[in-house]
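Please look at the structure below and keep it in view while reading this briefing. The notes that follow are grouped by topic.

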Amino acid sequence: MPTINFTLNGKPVSLNTDPTRRFLDVLREELTLTGPKEGCGEGECGACAVLIDGHITNSCILPLGNVSGREVMTIEGYRETKRYRVLEEAYIAEGAVQCGICIPGMIIASESLLAHNPHPTDDDIRIGLSGNLCRCTGYNMIVRAVKRAATRGKGLW
Amino acid sequence: MKTVNQKHQSVDGKGIMLGRPAYTDDLADPSSLIIKVLRSPHAFARIKSIDTKKAEKLPGVELVLTHHDVPRVSFTRAGQGYPEPSPHDKFVLDEYVRYVGDEVAVVAAIDESVAEAALDLIDVDYEVIDPVLDFEEAIDHQSVVHPEEGIHEMFPIGFEPKRNIAASYAMDFGDLDNAFKASDVVVEETFHTQAQAHVMMEPHAVNARLDFQDRLLIISATQTPFHVRRILSQTLDIPIEKIRVIKPRVGGGFGGKQALHGEMFAALVTMKTGKPSKLVYTRQEVFESTYTRHPMTLKVKLGATKDGRLNVIDWHVLSNTGAYGEHALTVFMVAGSKVMPLYNKVDAGRFHGEVVYTNTTPAGAYRGYGAIQGNFALESAIDMLCVKLGMDPIAFRQKNMMREGETSPIFEIMGEGTAGTAMTMETCKLDYCLTRGLELIDWNNKYPRTTTEDGKIRSVGMALAMQGSGIPYIDMGAATIKLNDAGFYNLTVGATEIGQGSDTVLSQIAAEALGVPLNKVIVYSSDTDLTPFDTGAYASSTTYVSGNAVYKAAMKMREMLLDEAAVVFGVEGDDIDFDGATFKNKADGKTISLEQLANRITYNEDQKQLTATSSYVGTKSPPPFMAGFIDIAVDKDTGEIDILDYVSVVDCGVPINPKLAQGQVEGGIVQGLGMACFEEVKRGKNGALISHDLLNYKIPTNVDIKKLTTEFAESHEASGPFGAKSVGEIGIDTPPAALANALYNALGIRLTSLPFTAEKIIRALHDKEGEKTT
């Protein structure tokens, strides 16, 4: 087995395991992270989203080998940031969390959106988060939450 | 009120957002055997022989189960109270397979790849049988979906399996013939509703282990943990006291997790191997092998006088329950019982029909539970009637709809599987909902149609709806409140949080009644060992039924506290003022805080544990009501619809948490819009699913929704906890009819078959143009 090295939430990780394993399984089973969730296993729902070199990626269709040498951030790392706290306040205040299983992925998508577009319009938010499915909220409150975070987190993104 | 009717943040939102372990698969034992299920490639077949030897020899395989290895006890997976109104027509595994995706055999192995390899090594010899795929052809079809012995109904539900009938029902009141004779205008139409998939974002998941007392611990993503415990015990012959079911955080249900899924297999594997096991459905399995909404054909006939009085509602409904009869009768009945009373001034009515078996994915409980199908048919037909009468559909509804203080004979005639319960509407703010909705959507300036700058047709449509609040005399919820030292409380409830916010809402009810801030109530729900009973999260019951139990328990706790304070002061309970924080002796003004009292009875004097348990069963089911309005722009060249706004004005009594209530309504609206616009379970000619993933089964995304406008009517239901009624299902009911009516207002086409895809709209427009030219 080759050794795969990458950075996970700011810390170096070195794994001797099959590089074709799904990265989501490695995160959940090998590294015991429960933030990324499996909603579909086919890259359609975004519940497993993580940031790789700052770009949102669905970890359920990503082989482990592809993260070699790259910087991975999951919700477990992102939750330590100031930006996370702004998003957390906004999601809670707008009531954007119902069953919650899409939310870690939705937060990652929100970060990815705001990092590239700190002042999004409603349409920008809807398009930016359209790769993340939620069956509970009807999305209205999630859009408002991202809007609130963009306003309150001035200068952070 | 300090805590109720406040937009408190949910008690669990933060921890979930952080990604902490909370859901079923987060909590599986890491050493769990992986369970995989061999599923039928045929829509209907008998297993002539099955050979598992090669699979069993594969290194890493621990167990292979076929129908030869499991108890032959018929049961229903429906997840309802006992005796169930659903037929006992399912076996753990059977020699017949009845739809593509039905269970053939079960493998448990050390990992997923071994388990999957083992599935390929099982040799099955099938005798393929001509399947029943078209539910209109099911009754007396040459193929009988359930030819086997040993299946039965629990009480009369019209079960005739030899005719492919899972259930049937008929009711009528008044003189139908006379009512039609007295009508100047009659409208008759047939409506079709499709199978809809739940698509909760967490797939069905379960894991099992034996604990240190050698008891079976099941952790399941379920809406009905107490029913799961009972059904496992009854079917697998495990003493019920040996089973503990824990429902952790659940990633959405919408009815799709009311029925059992993998619990039977996980229980069997762990009991037989002694090892922990887990079964997580793939998304394809969720689509193919769980449940859908019941597809229906609804033939509706209405009669009215020319002054706009609705005289009679007559309908026949045919419903498709698929391969097994989970919720067959009850969903069917709700299509009438939670729709017809909207128009309660009729002289006569009839509702009858059959629920049939076919060789398709079983239908089951699904938010709306028949009401969305019935609402689409009746609220479409009402607008058609208004066209024929030449009457404004709003004025017609105002004249004929249910109002506060009124009743309907339907309530007494139709229950869920049995007779119903008479009741008068103590709260019904439909009139306000309608009037306010007209303002919010700007109806007068948009009805029936305008043209947009880019040449699209802009139009509005609407529908009324009602639902219920639990099932009277059947649904029971219970709650226990425990006082701790330092004066905070534990609230334990059987009620099942599945993401709808019940832990938060029930905590708010307790905190309000106890007079403490929300953070002084620590809630724990749905553990069959540790919490009191509850029938589960279904039938829009939790806020009303379980909430009433919480309220009663809290009031009992207050009485107990007053008794303790009376001892301290040496007076009677009546002589004390208590605001939740401080007890005050009215006579001398002396006080003792709750904290001091709690510490005193825990550590110092007359030591004891205070707990208060109460339960609640409804004696009626007060319906929430709503008016739903859609604002659309249609491109008449492409048939594409833009949904510009959806206005909901809802009477759910007092919303215990207006933010969560809004979330329930809006989530329901968007799920209903999915059904109205494009969601459809599709099969190939052989019965195999085409829509087996999220590419082929589209649900609304963020870009499909432009705007949702949601308001609540001022309403106080005296029988509900702090005035509340239910709000979990009502939101889903109106979108299909509202959109159908808007499309008629826009284009003059009447679509009667859901969903309203661009193709159907274009085709209807072409048909209409054709009519004009011929």
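This is a predicted model: local features need pLDDT of at least 70, side-chain atom pairs count only at pLDDT 80 or more; totals for chains, interfaces and linings use all residues.

Residues are numbered from 1 along each chain as its sequence is written, and chains are lettered from A and ligands numbered from 1 in the order in which they are written.

**Helix 12 of chain B**
- The buried residues of this helix (buried means that 20 or more other C-beta atoms, placed from the backbone, lie within 10 Å of a residue's own) are Leu430(B), Cys433(B), Leu434(B), Gly437(B) and Ile441(B).
- Those residues lie on the same side of helix 12 of chain B, because they cover an arc of only 95° around the axis, taken from the directions from the helix axis to the C-beta atoms.

**Chain A against chain B**
- In chain A, 38 residues are in contact with 43 residues of chain B, contact meaning that the C-beta atoms of two residues, placed from the backbone, lie within 7 Å.
- Helix 3 (82-93) and helix 4 (103-116) of chain A are among the elements that give two or more residues to the side touching chain B.

**Domains of chain A**
- Chain A is divided into domain 1 (3-74) and domain 2 (81-152), with bounds that come from an automatic or database domain assignment.
- The C-alpha centres of these two domains lie 21 Å apart.

Conventions. Helices (H or I, at least four residues) and strands (E, at least two) are DSSP runs, numbered from the N terminus. A residue is buried if 20 or more other C-beta atoms lie within 10 Å of its own, exposed if 12 or fewer, and partly exposed in between; C-beta atoms are placed from the backbone.
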